[in-house]
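Have the model open beside you as you read.

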Amino acid sequence: MTDEVVNFPRGGKRKESSNHDDDKEKDLFQVGNDVSPAKTRKKDVKKTEVKRKKLRRNEKRIEPLSFQKLSEDQVILGIVKDVRDHQMTVSLPNGLNGMVSIMEISSTLLKRLQQLAKADSCTDETLVTLKKLYQIGEPVPCSVISTKTEGQKRSIDLSINPTIVNKSLPLSALKTGCLIFGAVASKEEHGYTIDLGIPDIMAFLKAEPEIDDSSLVVGKCFWFSLLKDLDADVTVGESRVVNVSIAPEHVKEAKVTLQKASSVECFRPGMKVDVKITKTVSDGLQVKFMEYNGCIHKRHLPKSPASYNIGQKVEARVLYTAALTKEIHLSLLPRVVNCIGVEPQPMPMSVGDVGEWEVLHVEQNRGVYFQAQGITGFAPLSQLSDEKIENLNTTFVKNTAHRCRVIGFHPIDDVALLTLKESVINEEFLSISDVRPGQIVKCRVLQIHSSGLIVQLSKRITALVPNLHVADVPLKNIEKKFSVGDKLKCRVLKVDVEKKKILLSNKKSLVTTSQKIPTSYFDISRGDLLEGCVITIKNNGVVVSFCNDVTGWVPRSELSTEDIVHPETLFYQSQVVRCRVLSCRPEEEKLTLSLIIVGKAPLAANQKKMEDFEVGKLVEAKILKKEKHSFTLELQPSGDAAFLSKDHLSDSKDNQELLWQALKPGQIIKDLMLLKQANVVVTTLKESFISAAREGLIPKSFSGVKPGHLVPGVIKHHQNFGIFVELPGGLTGLAPLKFTMDRQVPDLTAVFTCGQSVVVKSDASQRGEPTFSVQPSNV
């Protein structure tokens, strides 16, 4: 009885129930804890996701190349990203960049540069620059020389010298059809010797009609394909020659043909290999070739790792071998796989382009990948916004479009570098290369410097307005006219991408002109009217400069319809002039101009003449201004303008220099002789002229120059048949070669210099004009 009463604390009897009733009771009280099918599926998905995460943690990760993992002598495939005269930037995998100096191209080029350094002179033809050798987009194997970290700045120094790049290449790898990197060592009668950088092994490239000799510069490196196996019985110290080909069809198809590799060094960066996919992981693919393992990071796959099948065979190109693990990293990107043996592939977009890009995926703590027109783009965290982004995943949802600007390219990764910062997208100029010579730009004064105004074109770009171009007329104190923060409108004179320098002009006459301002000799045609600046003033003419180093010559006869005897009296450096093109030879970069323009008053046409001018008259003058090689004077008491050149300060060159330093504006010069009058009164302080004037020996015309008379003069210019001598009054005569020296001299310019004082003797007459002698025995 006791056994039948179970757990009945409140008294009474427990009700007996059938199994069915028990089930109902359980159903009744357990409704709240029941699990629906939908919730079961959610739990299953959650369990699956947990399993996947666990698998990902356990799977072997493919680590991309990084700055920290680089080691000296490590060889990596790169693509030339930028070329300057003496160095080039190479794009390395995973967004790294390295620098190659012109000294690290090849041993042959290094010797050539050392020889040029010792030479007395160097022409444009013999001058070696990397711009003449390489172009953007060329693939090169690079050996890491060193890595440096200075604050936030990191630098990687590289070498493409075959002696370094091929240092550890086993001889057993030299098989028919393999790819190898070498430098042109010399040009021979029937071809070229190629330095492979391997001791005792020299390659020979046979001359073929299809080979462009002009491109095979001695010292430059190329990719070659081996035409025949290296002899198997080659021993150390024994020299051998192998034949190679540079034909695109051979180089493009060159790949590793080894049946068995002696070491991982047989697979050099740049070589093409057939690989078999052994595993797909979240970070990429694991592959195998021969007995060696390799990997391909997802950034070097043209599609998702999941789209590849295990056992699938693909053709890949070696990027590098990991320094520690000795695992070979490869690429399946079409741009990389097909980069050797073809012309460099241009990037499909330009830096500065703005457009809509769709989100591909987000990489936490790194950035966002985008796609547009079949091109992959990447924006690092620092370029995603001007403001802080709280959640990347909610801001950048897959397939959503965002406005981006291209700020660069990384060719080895086949990726465009993007920015989403509105401040950068709205900038007019992103890099110096965006600025074009001749264009009008708006800028702001950053600093007033001794050399001119330093102005800002954009956040990243500054430029210089030289002192000669801050205004239409030269200013002594530019700080009185300009202040920091002033906004200017300037014209771009020159853009030097190599030196990262931009020169501007603030001359209103150049900024607002409607006339053509050329930036290339090929832009110029005969008859064009141009606006430019005087940069050089000579006795026989002036040089006018335009944008982008285009210059033209205006001969003295084309300066004006008036005879401009001394151009320096009418022109000053940086003076804006309007020119007419007489002739232009673009190939020779020669441009001849004229300042005589129909409908325009010629220079010096309205200049006042001195009424009582007389050659040989002695006067006083006040120094008004000191120019580069002359003085501007005011004759006393008439007030007439006059000119005194440095060459006419004295008969002695030494005294000329002393007087030039001593004389200052405001001083009065006495016993100044009137020499001639053309567009301006020209004077002299030469004692030989003044003494002759006091003795009344100054001829007024050629008729006054009698045979046998001794007259003072100055050397005007030289010719191969003699020298021309100028007398007072502007009279000019020839001293033939036989009447210059008592004995023959190889070079008259070493004896007679322009502006030198001489005493001449009239010996004969040709067409009514005397012929002079300056022979010491005659005078």
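Glu 627 pairs with Lys 625 in a salt bridge, with 3.6 Å between the closest N and O atoms; the term means a side-chain nitrogen of Lys or Arg within 4 Å of a carboxyl oxygen of Asp or Glu. The model is predicted, so to speak of local features takes pLDDT of at least 70 and side-chain atom pairs count only at pLDDT 80 or more, while totals for chains, interfaces and linings use all residues. Residues are numbered from 1 along each chain as its sequence is written, and side-chain values use heavy atoms, with hydrogens and water left out.

**Exposure of this pair**
- Glu 627 is partly exposed at 26% relative accessible area; partly exposed lies between buried (under 20%) and exposed (over 50%), using a 1.4 Å probe and protein chains only.
- Lys 625 is also partly exposed, at 46%.

- Lys 494 and Asp 549 meet through their side chains in a salt bridge of 3.1 Å, N to O.
- This pair joins distant parts of the chain, 55 residues apart: Lys 494 sits in strand 24 (residues 487–496), and Asp 549 in the loop between strand 27 (541–545) and strand 28 (551–555).
- Strands here are DSSP runs (E, at least two residues), numbered from the N terminus.
- Lys 494 counts as partly exposed at 26% relative accessibility, and Asp 549 is partly exposed at 49%.

**Other salt bridges**
- Lys 69 and Glu 63 meet at 3.6 Å, N to O.
- Lys 69 is partly exposed at 39%, as is Glu 63 at 41%.
- A network of salt bridges links Lys 255, Lys 272, Asp 274 and Glu 315.
- Across the whole structure, the search finds 22 salt bridges.

How values were computed:
Helices (H or I, at least four residues) and strands (E, at least two) are DSSP runs, numbered from the N terminus.
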